[in-house]
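Dear colleague,

Please find below the structure I am handing over to you, with its sequence. My notes on selected elements follow it.

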Amino acid sequence: MSRNTIFLTCSIVLNLLLFHSWHFHGQWEQSWTKSATAEAEFVASISCSGHGRAFLDGSILDGKPVCECNACYGGPHCSVFLPECIADADSGDPMFLEPFWLKHAASSTIVVPGWHRMSYEFNDDSLISKELDAQIRKLHAVIGNAVTDGRFIIFGVGATQLLHAAVHALSTTNHPSSPSRVVASTPYYPIYKEQTEFFNSEDYKFEGDTSLCNNNSGCKGNFIELVTSPNNPDGQLKKAVLQGPSAKTIHDFAYYWPHYTPIPALADENLMIFTLSKLTGHGGSRFGWAIIKDEAVHQRMLTYMNLSTYGVARETQLRVLKLLKVAVENEGKEMFNFGYQTMRNRWRKLSKTMSLSKRFSIQELETQFCSFSEKVRGATPAYAWLKCVREEDKDCNAVLHSVNITGRHGSLFGAESRFVRLTLVKSDDDFDLLLKRMGTLVSQENNNDGINKIVTHRDEFIGTNKCTG
């Protein structure tokens, strides 16, 4: 046998072995993805009567995942309404976007193999996916709500972690006798006060309402002002109050998306924080990002993140990347129009109910031009800022408890107790029950007013007869 024949024979055998290996390896991969897909689709197919959901990581009964029911529903298939339950309007759990993601299950699904990104770092030794960084910049460019060119971006475990990292980065160091003073305009997001006081740092302390220092000429020192726009709880677009070299600002733009507000212009602030939860509804993924102008501030925040959690989970970053790709499809119109339409319909229904009441009032909604939708539209905030108008209703939350509604107490926001924040971003079941219970309160008010009018007319009639009898 010639050398060429031997070489040709060996080459054929080698190629057959490679083909055999590739063929079975490919079959294994295909089988593995089919198995994972079948498992996910089986769980998704479990009927929970439209009032709950089964999950891959949920409880198992008789070898099958069980339904996790929405509030006020029970039974094996979540088909039993619980009429005496509390209408929970306290938390800001953004489940109103769940129907959108159910419709886009195929395009938003990821399969994570056991070997995915096992290392602490990416190949460039960073903790941040460059592809996700680019996708976030693309998102802001599509929506037109924030400048990202020439800015640094860092990731955090939700906006909550980033807020504290920002306070830390902007605070005065090595001056325990004169810590930075953290302030926010009333009504403000309670976590600002709670988190600052919890960490109890020598470098900063919470001082309360911004106006207390803005109007006091003796109020000196370094300030860190937290500005939420649109504001939580009242949905108003806000600007920084304090100015000058001793004032630094953190802009919390969690709600600066077309779901909740017209986008009048690109935000171009020194430090801006965003969160996935209020953008796509995925609060459980715990992901947020900060857009930063100053490199020194960026480095301080990066050090804080590295020492606290050493980055955000790779699985989270992969999921967020997938979700944001869906969010910007068709120039973002589908997801953001769905969110806006849902919130607008909820506000219309609530406003109609509240228009029949003299006992309660909610904030007025501003109308202005939105650069994203290219039209004039009204605000559709995540929360209703409810006020009990009657003098005797000093504790508005207690009034709501009379019809099994619980909101977030106004005093937590630095406001009076006659205010209550009601969330409008939970599931359809939650909103429908809240609306029904508020309708009950308004009906009681009108019935009582009607009875009072009848009694007044009766007394006037009796008085008239006594005078003429």
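Which residue in S21 is the bridge partner of His 409? That partner is Val 420. Before the details, a word on provenance: this is a predicted model, in which local features need pLDDT of at least 70 and side-chain atom pairs count only at pLDDT 80 or more, while totals for chains, interfaces and linings use all residues. Residues are numbered from 1 along each chain as its sequence is written, and side-chain values use heavy atoms, with hydrogens and water left out.

The sheet around S21

Helices (H or I, at least four residues) and strands (E, at least two) are DSSP runs, numbered from the N terminus. Two strands pair if DSSP finds at least two bridges between them. Strand S21 covers residues 419-423. On one side, S21 pairs with strand S20 (residues 408-409) in the antiparallel sense over 2 bridges. Strand S18 (residues 383-388) also pairs with S21 in the antiparallel sense, over 5 bridges, and here Trp 385 stands opposite Arg 421. These strands belong to an open, antiparallel sheet of 4 strands in the order S15-S18-S21-S20. Its edge strands are S15 (360-361) and S20, each of which pairs on one side only.

I use "buried" for under 20% relative accessible area, "exposed" for over 50% and "partly exposed" for values in between (1.4 Å probe, protein chains only). Because 5 of the 5 residues of S21 are buried, this strand is largely enclosed by the rest of the structure. Both of its faces are covered: Phe 419, Arg 421 and Thr 423 are buried on one side, and Val 420 and Leu 422 on the other. The charged end of Arg 421 sits over the ring of Tyr 383, 3.8 Å from its centre; the criterion is NZ of Lys or CZ of Arg within 6 Å of the ring centre and within 35 degrees of the ring normal.

Aromatic pairs

Rings of Phe, Tyr and Trp (its six-membered ring) pair if their centres lie within 6.5 Å; planes under 30 degrees apart count as stacked, over 60 as edge-to-face and the rest as tilted. The whole structure holds 21 aromatic pairs. One of them, Phe 287 with Trp 289, is tilted, at 6.0 Å centre to centre and 40 degrees between the planes. Phe 287 is buried, with a relative accessible area of 1%, and Trp 289 is buried at 0%. Trp 385 and Phe 413 form an edge-to-face pair, 5.4 Å centre to centre with 75 degrees between the planes. Since Trp 385 lies in S18 and Phe 413 in the loop between S20 and S21, this pair ties together parts 28 residues apart in sequence. Trp 385 is buried at 8% relative accessibility, as is Phe 413 at 0%.

Helix H4

H4 (residues 130-143) has 14 residues and reaches 20 Å from its first C-alpha to its last, close to the expected 20 Å, which is 1.5 Å times one less than the number of residues. Its buried residues include Leu 132, Ile 136 and Leu 139. After H4 comes Gly 144, whose phi is positive, near 75 degrees.

Yours sincerely
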